[in-house]
Each structure stands twice: as C-alpha cells, then as structure tokens.
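Please keep the sequence and the model in view.

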Amino acid sequence: KSFTGFSSLCAFPLLANLCEKMKYVIRNKLPFEDFDGDKFSTFPTLRGYHWRGRDCNDRNNSVYPGRRPDNWDVESDSNCNGIWGVDPKDGIPYEEKFCKGADSRGVVLLGDSAGAHFHIPPEWMTVAQMSAKSFANLPTAFTDELDWPQFSEITGFLNSTIGGWTDSLYLRLRRRNRCNHRDLQNISQNGGSSGNLLYLIRRAAYLSFSLARNRLLDNPAIVIYATIGNDVCNGYRDTLSYMTTPKEMLSNVVKALQYLDSHLPNGSHVILTGLVDGRFLWDNLHDRYHPLGQLNKDITYSQLYSFLDCLQVSPCSGWLTPNETLRNLTSERALQLSNVLKEIASTEKFANFDVFYMDFPLKQTAEEWHKMGGEPWQLIEPVDGFHPSQIAAALGTSTTWQKALHEWPQVLGKENPFNDQIEAIFKDQGGH
C-alpha cells in the first residue's frame, strides 16, 4: 500500500483512472471491458464472460445473450446463441425453426462466495506441490477475485481444472434446449448476505443494477437466490449478536424480490435456497491436517480455525469453533432463517415470477458422495476449510435438477426436439 512516498499505488496519476474503474467493477459486479455498455463482455475475467454469457458483438448494445431474437435473427445473431440465418431449403429462419415456442430461458444466480465458487488452490500452500506450474493460474484467480464461476454449480460451463468435474444448472438447461446457449449470469459476491445483497441490487449508482435483463426484450429467467451462510457467519467474538434476525431476513428478501419483480420478464421463476447446516465443517475437518501442516503433520483445521478467530478474521466464528453449544446455536439460527425463506415462498405472490424454496442439498450430496466411495471432508475446500469443493458443487447440481424436474417441471421448460440439428450448427461454427 505504500512506497516512494505515495499512500497507495493508485495515487500514481497514470494509474488513478484505472484503479477507479477497477473499484467500480468490483463494487458493482460489472464487466471491466464492455465497450457497448450492455453488461456483457468478450474478456473472460474482471467480471467478464466467466461470470455471464460471452458477448458476440461488443460494439452493439442491442446484441447480448438472453434477449429474444431480433426479426428471428435473419441477418445476424442478436442473442449470441449461435443460431441465425435462413434455411435455404424452405426460407424459414433457423431461429424461428429451432427456437420458436421452445421455452427458452436463462439462469441467474444472486449469491455469496459459495455461489461465486471461491477457491484457493491447495498447491499454493502445500510445500511438496509448489512449482512454477502450480502458480500458472494465479492471474486468472486474482482477476476473478479468487472465485471460479466458470466451474460453479449454477453457471459453470468450462471443464474444471480445480479438483473435480463441472456440472451446472446452466449446462443442464443448455442440454435441454440448445437455444439457451450462453444465457447465464452469476451475480455473486464474496461475503454476500441477505442484507448486502439487497444493497447491491438497489444501489442508486446504477439503477438497473448488475442484473442484465430487459422485461420487454428478453427471455424469462430462472433466478437462484442463495446466501447460504453469511447471515449467520461473521468474525466477531460476540457472533450471535451480529447474526441476521428472522425479522431482518424477511424484510431483506421480500424487498429484493419486489425489486426483481420490477425487472424480470414475465414468466420468470425464483428459487430461494435455504442456509447450510455448517456443523458439517467441524465434524468432518477439525482433526485433519491443513495443507500448511501436511508436510510436518503439525497444523490441524482446529488450530487454523482458532488462529483465524484470534485475529478476528474467521469466516464463521459460530461454526468454526470447538464450542459445541455455539455451533448448535448457529445452526439453530440458520434453520430459523431458512424457515423464513420457506414461508416467503409459500405466501408471497409476484406479478412476473413464481417463487419456490429448496433446502441446501448438503445431506443429499454427502449421501451421494458416500455411495461413490468418497469421504465427507472431500466436499469442503481444503485451504479455507469452509466453502463447498468442486466435487460438492457438481453433485449439488444433480440434486437441484432432480428436485426441479420432479416437483417444478414448469421451471425448467420443455426439451427442445431440434437439439441435434442445433448442435450440428454449433459444430460447424467451432463449438462454444
């Protein structure tokens, strides 16, 4: 922060504008490189297409993923789904032939660091694995805020390179209907809670907030609202006093939904995800060695949690603690807040979307992983000992999809019978 007399690097005149733009991007969850201002980018990180579908024309703000096609995309691809032009055999536009009445819809995540898929590679901290190669992904990691949304449970679309496979709600929606190609948005922030997520989506600095959805021009969306821990997690010693109360949770979420109702296209859907039971963390990790201590067998997760708590930087003082009573009280509050979400889903009505509730699928994920021969601790990020791992994200997708498929089939839309023909077009164009 300080060298050669300057209070910060950003004090250099040549860097001041760049730093201000960087701060704006991080604060508002918008792309750093977005020439036409439509909130979509051709650059992967700095909130680029790792976070939302890649723009196919960054010089035209009427071209972006998720919109309804302009004149059936006879002359160009207005929604970036790769389908445009006219079939010379019958003169029918391909978009009309393949996507008309196909229930096209996008997926949007409003979440926290778990939804953004926070991950610090363990090879950065495990002595035996350190090499120049192990740090090759460092620039990507830092320009994505140590998040990996391109592999996440909701919006992942690339093959994972961080310890598991990629499966996501977006990929499954895309397989169900290839017209949904690139229609994804991950609007998550590290430390996200019902309170600061409400602040994020209502900021006066950008009245349309970071959600890129036009009520009149775009397809409906499936919005996942998932703040699974930060309403009960904080680093304070008196952690219970700083947890969100049920009354605050009700107010925050209803206000957020009211705001969404004024921005989402009619026919959209919102799924509220309950909070996780974080006792799973201590129960499965506390006596295991952290990557920092694997060489000499001298640092357990219990010791790491205590150290972070001592510095008052623990991601969750209520769960990452040897105090069983406090862990139980934290889970009790988490259940109360989940019940608030459940009540909202059953009682509140909105004009442009219906609302559903689902528990965070940790129990089902653990059971499925056990059947596959896995251990519970493998479902937790090894470095921070707190977030869901890549394996947990992939398995969680299956649980979410199956619940929606059997209980809320209207949310997912119907399967497109022209998928094979559309896929042939994608292959001709060189894939994703």
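S306 counts as partly exposed, because its relative accessibility is 39% and that class lies between buried (under 20% relative accessible area) and exposed (over 50%), with a 1.4 Å probe and protein chains only. The residue belongs to helix α9; helices (H or I, at least four residues) and strands (E, at least two) are DSSP runs numbered from the N terminus. The C-alpha atom of S306 is separated by 8.0 Å from that of L320, 14 residues apart along the chain.

The model is a predicted one, in which local features need pLDDT of at least 70 and side-chain atom pairs count only at pLDDT 80 or more, while totals for chains, interfaces and linings use all residues. Residues are numbered from 1 along each chain as its sequence is written, and side-chain values use heavy atoms, with hydrogens and water left out.

The protein chain contains 14 helices and five strands. Its radius of gyration, taken over C-alpha atoms, is 22 Å, close to the 22 Å that the globule rule gives for 432 residues, so the chain is as compact as a globular protein of that length. The globule rule is 2.2 Å times the number of residues to the power 0.38. Along the principal axes, the C-alpha atoms fill a box of roughly 70 × 55 × 45 Å. Of the 432 residues, 55% count as buried. Among contacts (heavy atoms within 4.5 Å) with a separation of 6 or more, 67% join residues 24 or more positions apart. The accessible surface, by the Shrake-Rupley method with a 1.4 Å probe, comes to about 19,700 Å², and 54% of it belongs to carbon and sulfur atoms.

R47, which is not a glycine, has a positive phi of about 60°. R47 lies in the loop between α1 (13-28) and α2 (94-99) and is buried, with a relative accessible area of 1%. Q312 also is a residue other than glycine with a positive phi, near 60°. Its place is in the loop between α9 and α10 (324-347), and at 46% relative accessibility Q312 counts as partly exposed.

The spaces within the protein are found on a 1 Å grid over the protein atoms alone: a cavity is a set of points where a 1.4 Å probe fits but cannot get out, a pocket is an open set with protein on both sides within 12 Å along at least five of seven lines, and lining residues have an atom within 4 Å of a point. Grid points are joined across faces, edges and corners, and a volume is the space filled by probe spheres set on the points.

The largest pocket has a volume of about 530 Å³. Its lining comprises 36 residues, of which L281, D384, F386, H387 and P388 are the closest to the centre. Helices α3, α8 (279-285), α9 (301-310), α11 (362-371) and α12 each supply at least two residues of this lining.

One cavity of 30 Å³ or more is found in the whole structure. About 250 Å³ of space lies in the largest cavity, and of the 19 residues that line it, G115, E153, I154, A226 and F360 are the closest to its centre. Elements α3 (113-116), β3 (221-226), β4 (268-273) and α12 (390-407) give two or more residues to the cavity lining.
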